[in-house]
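Let's take a walk through a protein model together. Keep the picture turning as you read, and stop wherever you want to look again.

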Amino acid sequence: MPGATLRARVDEVDRILLLRWSLNPTSPARVRRLWIAVTHAGGSIATIASVGIPLVAEPWPRALTTPIAVALVLSHLIVQLLKRVAGRSRPSAATIVACPDCFSFPSGHATAAFAVTLGYAMAFPALAMVLVPLGLLIGWSRVAVGVHY
């Protein structure tokens with residue numbers, strides 16, 4: 001079956017790249033701490049706070065943050081649906097953070113980070129040069145900490 005062969009080849013390449021690009025328990029502690037901090041910036045506490053605090057803060061204009069909050073909620077719902085449809089398991093290599101679930105695709109952290117960083121980048125174009133690379137870095141961190149291909 002050609003599709004199965006292609007999937008097996010993609011899995012093989014993914015595993016090779018993961019081993020090349022991910023950290024491991026013997027990586028320097030300061031490097032591990034840095035990547036763990038970056039990956040947590042895409043977690044639920046950080047992303048919810050990044051929209052929740054501005055929604056209740058005065059005199060912050062709620063009209064700027066409400067669409068970003070909606071995008072964050074929608075991104076979470078879509079990711080959870082896609083994870084279950086795709087059913088791809090996480091890498092079996094050693095990770096340096098706890099996995100929130102058993103699914104590898106798509107990354108909820110990366111998707112949430114982009115929902116927030118792109119939303120704020122559109123609301124504040126002058127910050128886009130900082131926010132977009134931050135979103136990319138958070139996405140990359142999921143590979144670095146060994147929980148995504």
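Start with a pair of side chains: Asp 14 forms a salt bridge with Arg 88, and their closest N and O atoms are 2.8 Å apart. (A salt bridge here is a side-chain nitrogen of Lys or Arg within 4 Å of a carboxyl oxygen of Asp or Glu.) Asp 14 lies in helix α1 and Arg 88 in the loop between α4 and α5, so this pair ties together parts that are 74 residues apart in sequence. The structure holds one salt bridge, so named by the cut-off just given.

Before going on, a word on what you're looking at. This is a predicted model, where local features need pLDDT of at least 70, side-chain atom pairs count only at pLDDT 80 or more, and totals for chains, interfaces and linings use all residues. Residues are numbered from 1 along each chain as its sequence is written, and side-chain values use heavy atoms, with hydrogens and water left out.

Back to that pair. Are Asp 14 and Arg 88 buried or exposed? Asp 14 counts as buried because its relative accessibility is 17%, and Arg 88 counts as buried at 17% too. (Buried means under 20% relative accessible area, exposed means over 50%, and partly exposed is in between, using a 1.4 Å probe and protein chains only.) Asp 14 sits in helix α1, which covers residues 2–21. Leaving out residues up to four places away in sequence, Asp 14 touches Arg 88 and Tyr 149. (Contact means heavy atoms within 4.5 Å.)

Now zoom out to the whole chain. It has six helices and zero strands, so reading along the sequence gives you the pattern α-α-α-α-α-α. (Helices are DSSP runs of H or I with at least four residues, strands are runs of E with at least two, and both are numbered from the N terminus.) Along its principal axes, the C-alpha trace spans about 55 × 40 × 25 Å. Of the 149 residues in the chain, 34% are buried. Look at contacts between residues at least 6 apart in sequence, and you'll find that 66% of them join residues at least 24 apart.

Next, find the empty space. Rolling a probe the size of a water molecule over the atoms shows where empty space is left. How much space lies in the largest pocket? About 350 Å³. (On a 1 Å grid over the protein atoms alone, a pocket is an open set of points with protein on both sides within 12 Å along at least five of seven lines, and lining residues have an atom within 4 Å of a point. Grid points are joined across faces, edges and corners, and the volume is the space filled by probe spheres set on the points.) The lining of the largest pocket has 22 residues, and the closest to its centre are Gly 43, Ser 44, His 76, Gly 108 and Ala 112. The elements giving two or more residues to this lining are α3 (44–56), α4 (62–86) and α5 (108–123). Helix α4 gives the largest share, seven residues. By type, the lining divides into seven nonpolar, eleven polar and four charged residues. (Ala, Val, Leu, Ile, Met, Phe, Trp, Tyr, Cys and Pro count as nonpolar, Asp, Glu, Lys and Arg as charged, and the others, Gly among them, as polar.)

Pick out Ala 112, which is found in helix α5. Ala 112 is buried, with a relative accessible area of 10%. Setting aside neighbours within four places in sequence, Ala 112 is in contact with Gly 42, Thr 47, Leu 72 and Ser 75. Its C-alpha atom is separated by 9.4 Å from that of Leu 74, 38 residues apart along the chain.

Slide over to Lys 83 in helix α4. Lys 83 is buried, with a relative accessible area of 2%. Not counting residues up to four places away in sequence, Lys 83 touches several others, including Asp 101, Phe 105, Pro 106 and His 148. Two of those names lead to one last stop. Most peptide bonds are trans, but the one from Phe 105 to Pro 106 is cis, with omega near -10°. Pro 106 lies in the loop between α4 and α5.

Methods. On a 1 Å grid over the protein atoms alone, a cavity is a set of points where a 1.4 Å probe fits but cannot get out, and a pocket is an open set with protein on both sides within 12 Å along at least five of seven lines; lining residues have an atom within 4 Å of a point.
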